[in-house]
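Let's take a walk through a protein model together. Keep the picture open while you read, and look for each part as it comes up.

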Amino acid sequence: MSPVSVIVLTFNSEATIGATLDSVVGLSDDVHVVDSGSTDGTLAIIAAKGAKLASHPFENYGAQRNWAIDNLPLQHAWQLHLDADERVTPALKAEIEKLLAGNVDAEIGGFYIPRLVHFHGQALKHGGMYPIYHMRLFRKGRGRCEARKYDQHFHAQGRSEKLQHPMIDDIRLSFGEWTTRHNRWADAEVDEILNPGGGGVIQAGSGDPVAEKRRARGWYYRAPLFWRAFMLFFYRYVVKLGFLDGKEGLIFYVLQTLWFRFLVDAKLYERRKQIEARK
């Protein structure tokens with residue numbers, strides 16, 4: 001076993017949590033799941049897999065992840081954080097085992113892991129979707145999650161490096177549930193735009209892959225309202241060859257880069273009109 005504790009967040013995750021927990025078998029003997037009130041078969045699957053279960057009310061992803069960091073009895077010097085629909089590939093597992101079996105430079109606080117999205121069974125390797133790096137493996141006491149309302153990411157103190165092999169983000173939500181969640185996240189993104197988060201936010205220019213992504217998003221938000229959603233879809237689906245990701249890719253890029261981004265703009269337009277009306 002490697003000296004790493006694994007932390008997974010769940011809520012009604014019966015479709016994917018089994019595969020997530022199976023993917024870390026042999027990697028860690030300290031696997032924790034923080035559940036926020038599941039009513040499906042999630043808890044039974046966690047019990048069957050032998051993971052340690054904690055329950056905590058959900059406020060937002062950042063708060064839940066930081067609660068886990070602060071309160072779980074984590075045994076090891078390294079932490080690996082996963083979502084309930086993510087899993088570690090065999091190649092990534094072997095890479096982490098080899099890494100932690102050696103002496104990691106004490107200046108290194110954490111490692112970015114490339115994420116490969118599988119959308120209803122289709123790997124999305126085009127459209128600028130791969131590789132997208134996320135800080136998920138870091139030393140105990142060196143990592144936190146941002147205090148943002150939406151699009152929260154981990155950051156770690158000290159130097160960071162990138163791992164080579166990916167984790168899989170296996171999105172199997174029904175399109176109804178997917179749009180319901182993104183409707184909620186559109187409200188959170190508008191809140192973040194109108195009232196940006198405070199401390200603990202990854203800053204542009206820090207060299208963090210998330211910061212560079214947000215720098216690009218800053219250019220996006222300087223483009224004309226509404227039209228920028230169509231421009232982003234054209235860029236990802238045509239220029240970045242997203243059409244090579246098949247029918248599932250078409251559905252993903254229309255929903256994620258066109259529908260969701262247009263919805264954010266519509267809600268932003270609505271909120272700004274309400275603010276002006278109150279003046």
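## Helices that cross

Start with a pair of helices: α7 passes α8 in a right-handed crossing. This is a predicted model, so treat everything here as computed. The axes of α7 and α8 come within 8 Å, and the angle where they cross is roughly 160°. With an angle over 145° counting as roughly antiparallel, α7 is therefore roughly antiparallel to α8.

In general, a packed pair is described by the angle between the two axes and the distance between them. Here are those values side by side:

| Helix pair | Angle between axes | Distance between axes |
|---|---|---|
| α5 (residues 175-194) and α8 (residues 246-278) | about 45° | 9 Å |
| α6 (residues 209-221) and α8 | roughly 60° | within 13 Å |
| α7 and α8 | roughly 160° | within 8 Å |

What do you call the way α6 lies to α8? The angle of roughly 60° makes α6 oblique to α8. The crossing of α6 past α8 is right-handed.

Now for α5 and α8, which pack at about 45°. That makes these two helices oblique to each other as well. Once again the handedness is right-handed, with α5 passing α8. If you sort the residues where α5 and α8 touch, you get 15 nonpolar, four polar and seven charged.

Which residues make the nonpolar surface patch? They are Trp227, Phe230, Met231 and Phe262, and together they make a patch of about 450 Å². Helix α7, running over residues 227-239, gives the most to this patch, with three residues. Trp227 is in that helix.

Where the chain goes from Tyr130 to Pro131, the peptide bond is cis, with omega at about 0°. You'll find Pro131 in the loop between β7 (122-123) and β8 (132-139).

Then there's Asn12. Is its phi positive or negative? Asn12 isn't a glycine, yet its phi is positive, at about 45°. It sits in the loop between β1 (4-10) and α1 (17-22).

## Charged partners

Side chains of opposite charge can pair when their charged atoms come close. How many salt bridges are there in this model? The count comes to 18. One of them links Asp105 with Arg159, where the closest N and O atoms are 2.9 Å apart. Asp105 lies in the loop between α4 (90-101) and β6 (108-119), while Arg159 belongs to strand β11 (residues 159-162), so this pair ties together parts that are 54 residues apart in sequence.

Note on methods. Residues are numbered from 1 along each chain as its sequence is written. This is a predicted model: local features need pLDDT of at least 70, side-chain atom pairs count only at pLDDT 80 or more; totals for chains, interfaces and linings use all residues. Side-chain values use heavy atoms; hydrogens and water are left out. Axes are lines fitted to C-alpha atoms, for helices over the stretch in contact, and angles run from 0 to 180 degrees between N-to-C directions. Helices (H or I, at least four residues) and strands (E, at least two) are DSSP runs, numbered from the N terminus. Angles under 35 degrees count as roughly parallel, over 145 as roughly antiparallel, 65 to 115 as roughly perpendicular and the rest as oblique. A crossing is left-handed if the near helix is turned anticlockwise from the far one by less than a right angle, and right-handed if clockwise. Ala, Val, Leu, Ile, Met, Phe, Trp, Tyr, Cys and Pro count as nonpolar, Asp, Glu, Lys and Arg as charged, and the others, Gly among them, as polar. Patches are made of residues with over 30% relative accessible area and no salt bridge: like charges are joined within 9 Å, nonpolar side chains (Val, Leu, Ile, Met, Phe, Trp, Tyr) within 5 Å. Accessible areas come from the Shrake-Rupley method with a 1.4 Å probe; for residues, only the protein chains shown count as cover. A salt bridge is a side-chain nitrogen of Lys or Arg within 4 Å of a carboxyl oxygen of Asp or Glu.
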